[in-house]
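Here is a short report for a reader who is meeting this structure for the first time. Please look over the sequence and the model, then read on.

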Amino acid sequence: MAVPKRKLSRANTRARRSQWKAEPPAQLVAARTPDGRTVMVPRRLVRAVERGLVTP
């Protein structure tokens with residue numbers, strides 16, 4: 001039979017939450033759009049921007 005999880009104390013909950021750190025946004029790199037502009041986009045979108053599939 002399933003057993004319910006134990007309740008965490010407020011102190012333990014807050015201590016756990018305090019360890020969470022936000023990550024910086026993805027590294028931005030320069031990419032040229034088909035119309036010649038240079039824009040900064042995440043690395044994973046460079047090819048799409050250069051092809052004109054995504055508008056930054």
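## Overall layout

The protein has two helices and two strands. These are DSSP runs, numbered from the N terminus: helices are H or I with at least four residues, strands are E with at least two. From the N terminus on, the order is α-β-β-α. The radius of gyration is 22 Å, well over the 10 Å that the globule rule gives for 56 residues, so the protein is more spread out than a compact globule. That radius is taken over C-alpha atoms, and the rule is 2.2 Å times the number of residues to the power 0.38. Along the principal axes, the C-alpha atoms fill a box of roughly 60 × 30 × 15 Å.

This is a predicted model: local features need pLDDT of at least 70, side-chain atom pairs count only at pLDDT 80 or more, and totals for chains, interfaces and linings use all residues. Residues are numbered from 1 along each chain as its sequence is written, and side-chain values use heavy atoms, with hydrogens and water left out.

## The hairpin

Strand 1 and strand 2 pair in the antiparallel sense over five bridges. Pairing requires at least two DSSP bridges between the strands. Alanine 31 has valine 39 of strand 2 as its bridge partner. Five residues lie between the strands of this hairpin, where glycine 36 takes a positive phi near 95 degrees.

Threonine 33 sits in the loop between the two strands. Threonine 33 is buried, at a relative accessible area of 8%. Buried means under 20%, exposed over 50%, and partly exposed in between (1.4 Å probe, protein chains only). The side chain of threonine 33 makes a polar contact with that of aspartate 35, at 2.3 Å. Such a contact is a pair of N or O atoms within 3.5 Å; within protein, one must be able to donate a hydrogen and the other to accept it, and residues adjacent in sequence count only if both atoms are side-chain atoms.

## The core

Six residues make up the largest nonpolar core: Val29, Ala31, Val39, Val41, Val46 and Val49. Strand 1 (28-32), strand 2 (38-42) and helix 2 (46-51) each give two or more residues to this core. Such a core is a set of buried Ala, Val, Leu, Ile, Met, Phe, Trp, Tyr and Cys residues joined through side-chain atoms within 4.5 Å.

Serine 9 lies in the segment before helix 1 (10-18). Serine 9 is partly exposed, with a relative accessible area of 35%. The C-alpha atoms of serine 9 and alanine 31 are 49 Å apart.
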